[in-house]
Amino acid sequence: MSDHYISIVSEKTNPRDSQELAERIVSYLAEKKIIQKELSDCVLGSTGHKPAENFGSVLEKQYEGFLDSKVNGVEIITERRVFHNSGNGLEGVHCPNCGQNQIEEDWGNALDNWYEKLKSDLVKCSNCSSENSITKFNFEPNWGFGDFGLIFWNWGKFKSHFFTDLEKIIGMELKVVYGKL
Ligand SMILES: [Zn+2]
């Protein structure tokens, strides 16, 4: 079975606040018994928080075999990351100004620059000539760019209020990115 994941990304978090936000969100989710406070081996290539007894309260539908799966944790990301659908089937990289698909143009360097925080992350649109950060382009399917996020592995379909609840805790708008390995 392939692994599904849902990333919840805050694109506007200041990197300095990531650690504190991580603690806040883990306390909240652990208090509601949605995840376990302790870290364990339950995500791919890192450690995460396993689901706790009330995990079902935030799900509309859980994946079959969710609790038996070895990969069913929540990973907390506190470093700069491109949150994507694992890169498969990227169809569009649309200019935020004119909307034209710039997927064939050279935007990879700008993305690397954003990630490395070194040089300019601006991309000039070949259609309208406006310059924007690569993080402002509209990726299809959705990608997210940020210094803070949560990745839920193989949980299923969330109730929509869960995202609004998390936004209240974090105090910022969140972007949801669906992925599959
Ligand atoms: Zn344009």
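The following conversation covers the domains, salt bridges and some individual residues of a predicted model.

Trainee: Which domains does the chain have?

Mentor: The domain assignment gives domain 1, made of 4–84 + 142–180, and domain 2, which covers 98–135. In this predicted model, the C-alpha centres of domain 1 and domain 2 lie 28 Å apart.

Trainee: How many residues are in contact between domain 1 and domain 2?

Mentor: On the side of domain 1 there are 7 residues in contact with 7 residues of domain 2. The area buried between domain 1 and domain 2 is about 670 Å², and carbon and sulfur atoms give 74% of that area.

Trainee: Which residues of domain 1 lose the most area to domain 2?

Mentor: They are R80, V82 and F145, which together give 78% of what the domain 1 side buries.

Trainee: How many salt bridges and polar contacts does the rule find across that interface?

Mentor: For salt bridges the rule finds 0 between domain 1 and domain 2. For polar contacts it finds 1 residue pair, with both residues at pLDDT 80 or more. The elements that give two or more residues to the side of domain 1 touching domain 2 are β6 (81–83) and β11 (144–146). The residues on that side divide into 3 nonpolar, 1 polar and 3 charged.

Trainee: Turning to the whole structure, how many salt bridges are there?

Mentor: The structure holds 5 salt bridges. One of them joins E173 and K12, with the closest N and O atoms 3.8 Å apart. This pair links distant parts of the chain, 161 residues apart: E173 is in the loop between α3 (160–170) and β14 (175–180), and K12 is in the loop between β1 and α1.

Trainee: Are E173 and K12 buried or exposed?

Mentor: Both E173 and K12 are exposed.

Trainee: What about R80, with which residue does it form a salt bridge?

Mentor: R80 forms a salt bridge with D147, and the closest N and O atoms are 3.1 Å apart. R80 lies in the loop between β5 (74–77) and β6, while D147 lies in the loop between β11 and β12, so the pair ties together parts that are 67 residues apart in sequence. Both R80 and D147 are buried.

Trainee: And which residue does E60 pair with?

Mentor: E60 forms a salt bridge with K157, the closest N and O atoms being 3.5 Å apart. E60 is in strand β4 (residues 59–62) and K157 is in strand β13, 97 residues apart.

Trainee: Why does E60 count as exposed?

Mentor: E60 counts as exposed because its relative accessibility is 52%, and the cut-off for exposed is over 50%.

Trainee: D147 was mentioned; where is T13, which is in contact with D147?

Mentor: T13 is in the loop between β1 (4–10) and α1 (18–31). Leaving aside neighbours within four places in sequence, T13 is in contact with S18, L21, D147, F148 and M172. The side chains of T13 and S10 are joined by a polar contact of 2.5 Å. T13 counts as buried because its relative accessibility is 4%.

Trainee: Now the backbone: which residues does the cis peptide bond join?

Mentor: A cis peptide bond joins E140 and P141, with omega about -5°. P141 is in the loop between β10 (138–140) and β11.

Trainee: What is the phi of K33, and of N154?

Mentor: Neither is a glycine, yet phi is positive in each: about 55° for K33 and about 60° for N154. K33 lies in the loop between α1 and β2 (35–43) and is partly exposed, with a relative accessible area of 38%. N154 is in the loop between β12 (148–153) and β13 (156–158), and at 2% relative accessibility N154 counts as buried.

Note on methods. Residues are numbered from 1 along each chain as its sequence is written. This is a predicted model: local features need pLDDT of at least 70, side-chain atom pairs count only at pLDDT 80 or more; totals for chains, interfaces and linings use all residues. Side-chain values use heavy atoms; hydrogens and water are left out. Domain bounds come from an automatic or database domain assignment. Contact means heavy atoms within 4.5 Å. Buried area is the accessible area (1.4 Å probe) that two parts lose on being put together, summed over both. A salt bridge is a side-chain nitrogen of Lys or Arg within 4 Å of a carboxyl oxygen of Asp or Glu. A polar contact is a pair of N or O atoms within 3.5 Å; within protein, one must be able to donate a hydrogen and the other to accept it, and residues adjacent in sequence count only if both atoms are side-chain atoms. Helices (H or I, at least four residues) and strands (E, at least two) are DSSP runs, numbered from the N terminus. Ala, Val, Leu, Ile, Met, Phe, Trp, Tyr, Cys and Pro count as nonpolar, Asp, Glu, Lys and Arg as charged, and the others, Gly among them, as polar. Buried means under 20% relative accessible area, exposed over 50%, partly exposed in between (1.4 Å probe, protein chains only).
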